[in-house]
Amino acid sequence: MRAESWRVGVLFSQTGVTEAIERTQRNATLLAIDEINAAGGVRGRPIEPVVYDPASTPARYAQLTARLIDEDGVRVLFGGHMSSTRKAMLPLVEARGALLFYPTLYEGFEYSRHCIYTGAAPNQNSVQLVDYLTRHHGKRVFLVGSNYVYPYESNRIIADLFAAAGGRAVEEMYVPLDLTADHIVRILDRIHATAPEVIYSTIVGAGIVPFFTAFKDAGFDGRRLPIASQSTSEADFAQMRADVAEGHVTAAPFFQSLDTPAARRFVSAYRARYGADQPVTAPAEAAYFQMHLFAAALAQSGSDQLDDLLPALWQVEYDAPQGCVRIDRGTNHTHLWPRVARIDAAGRYQIVHDAQWPVPPDPFMLESRAQPDPAGQRVLSS
């Protein structure tokens, strides 16, 4: 690391299956760094990002993590989207005594002293989402997801929560990340056959828009049979026709439609830099505020070494676009503001549930554990 700067690693994909959402995270990270540096940096030293494109590939994430730490002299990394990429990075970060900031909602049930989790844990999105769905749509849920760790674990939690509410999963299916038209046809056939009252989708990446579009074109109406998806964001809905997006539901701590001074400032600054029509997502907001939390802790500790930085991170707060956030000492997860939103006819997120206060992280769901409801599980091969 150069003596005159704080060098950090930035690993968000600009190519590959999750490039659309990860591009928003990269943009927000660099925006936050620019804001910090414009205000004088940290202790008079600018933050210097070392940026690589891991191409949505876990193996590439691992290679670049090692390169950042071993060759570029980085002690703190910001990045990762799919859980498979986080799991590829963490062993290297842990073995080298570094620290990873991970700004994406995930399946929970994980702790590392070397990771700060700033995306939502299941008790900060899935619980609120299922409560809304069972109250307003019904208790028969169809589960479909991409074939990797997050969808399996998220669908397990959603099935448990539906069972606790007196409902059940009518079917569970998994499809490859490189989703094809044939896979989508088979999903739609099973939806017709099982007649659910709501769909819960953990399909990620480039397959999201074709799936939602085919769902609408097959005659389904999101206002009556919504797809609830926490892996679908403004970046995805911006690529859909308005009639395709309308009626679908998601849960997150932040939406670009959130009408608070901090949210308006963030969205305005983001679009001033990247374009007036650019979507601003919850994972981008987490990427943004985690950099500001890091800067506050760095100013307090005066060191980017793990043993110095962690105690400071547990003490600082930041007035994020979603509301004031802080890191939980016991879990390294973040106190967040759960919200549920529905897409209107103009493609805008209308917030239909707002917690109004931050919810402490409970990544192991210790406060609310339900017995799983058995469901048939189908995995479609490529």
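Student: Which ring does the charged end of Arg45 sit over?

Tutor: First, a note on the source: this is a predicted model, where local features need pLDDT of at least 70, side-chain atom pairs count only at pLDDT 80 or more, and totals for chains, interfaces and linings use all residues. Residues are numbered from 1 along each chain as its sequence is written, and side-chain values use heavy atoms, leaving out hydrogens and water. A charge sits over a ring if NZ of Lys or CZ of Arg is within 6 Å of the ring centre and within 35 degrees of the ring normal. Here, Arg45 has its charged end over the ring of Trp6, 3.7 Å from the centre. Arg86 likewise sits over the ring of Tyr102, at 4.9 Å from its centre.

Student: How many aromatic pairs are there?

Tutor: A pair of rings is described by the distance of the centres and the angle of the planes. Rings of Phe, Tyr and Trp (its six-membered ring) pair if their centres lie within 6.5 Å; planes under 30 degrees apart count as stacked, over 60 as edge-to-face and the rest as tilted. That rule gives 17 aromatic pairs. In one of them, Phe237 and Tyr349 have ring centres 5.8 Å apart and planes at 80 degrees, so they are edge-to-face.

Student: Is Phe237 buried or exposed?

Tutor: Buried means under 20% relative accessible area, exposed over 50%, partly exposed in between (1.4 Å probe, protein chains only). Phe237 is buried because its relative accessibility is 8%, and Tyr349, at 5%, is buried too. Both belong to a cluster linked by ring pairs, whose members include Phe211 and Phe255.
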